[in-house]
Amino acid sequence: MKLASWNVNGIRAVERKGLLSYIADTTYDVYCLQETKADPEQLSQQLIAPDGYQSLWASSQIKRGYSGVAVYTRHKPLSVSNMNIDQFDQEGRYIQLEYRDFYLINTYFPNSQDKGKRLDYKLAFCQALFEKLQKLRLKKDIILCGDYNIAHKEIDLARPKQNQETAGFLPEERAWMTHFLSHKYVDTFRHFSNEPHNYSWWSYRSNAREKNIGWRIDYFCVNEEAISKVSKSEIHPEVQGSDHCPVVLEIDMRT
């Protein structure tokens, strides 16, 4: 099966920039979207459920036009749930789909913000997520995708020296990512490629995308036991419509 993960930075905005055409052209099994910034009742019927897909939503409850995740899937899940932790669920940051062989988790990690204003909140989210994954993996394989808002290593951003104190590259965030991967989880893109200059997000400023001055902060990770089932993990920077681009996973899993 093929899955895409994409921070769309506003699903209504990316609809105008070709989201439905992208889905019609690629016809993947699953599309996991982050930063949807909308409730389903605000959307066109075609955007709520593109032809051939079921949609599932976790929207912000604290304010409209903020955060939110959604999934379009061709395969009906056995169950759907959120994180069951109010401080994170009220921001629409997590949706979990259970299938026969695996759990698929689509998540939008908090941004730690300027001067680490929300770093404690982010690290609390990271810890809660890790604890949940550790329990789930005892039952089935894990696919964790989304915008992690973390560039793990210097290779994962264009200008590491200038961003040592920038949200997304703070020592505490990078340390959490190291901790997470050390517990037998795999960054699937790095499993296949150690090449630099591969990014999934670019600032809208200073023609950063055209110059490829970016960050790799969007991931598909799996538990170590599942990595043998992964055949491809790619970044698709040619896809426009957001300041992020899709990342795509090909994996042999039964739904």
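Trainee: Where is Ser67 placed?
Mentor: Ser67 sits in the loop between strand E3 (54-58) and strand E4 (69-73). Keep in mind that this is a predicted model.
Trainee: What is the phi of Ser67?
Mentor: Positive, about 55°, although Ser67 is not a glycine.
Trainee: Is Ser67 buried or exposed?
Mentor: Buried, with a relative accessible area of 3%.
Trainee: And where is Asn149?
Mentor: In the loop between E8 and H6. Asn149 is not a glycine, yet has a positive phi of about 55°. Asn149 counts as buried, at 9% relative accessibility.
Trainee: New topic. How many residues does H6 have?
Mentor: Helix H6 has 12 residues, 171-182. From first C-alpha to last, H6 reaches 16 Å, close to the 16 Å expected at 1.5 Å a residue.
Trainee: Which residues of H6 are buried?
Mentor: Glu173, Trp176, Met177, Phe180 and Leu181.
Trainee: What covers the buried residues of H6?
Mentor: The cover includes helix H5 (119-136) and strands E8 (141-147), E9 (185-187) and E12 (218-223).
Trainee: Which exposed residues are on the face turned away from the buried side of H6?
Mentor: Pro171 and Ser182.
Trainee: Which residue with a positive phi follows H6?
Mentor: Lys184, with a phi near 65°.

Note on methods: Residues numbered from 1 in each chain as written. Predicted model: local features only at pLDDT ≥ 70, side-chain atom pairs only at ≥ 80, totals over all residues. Heavy atoms only, no water. Helix = DSSP H or I, 4+ residues; strand = E, 2+ residues; numbered from the N terminus. Expected span 1.5 Å × (residues − 1). Buried < 20%, exposed > 50% of the residue type's maximum accessible area, 1.4 Å probe, protein only. Contact = heavy atoms within 4.5 Å.
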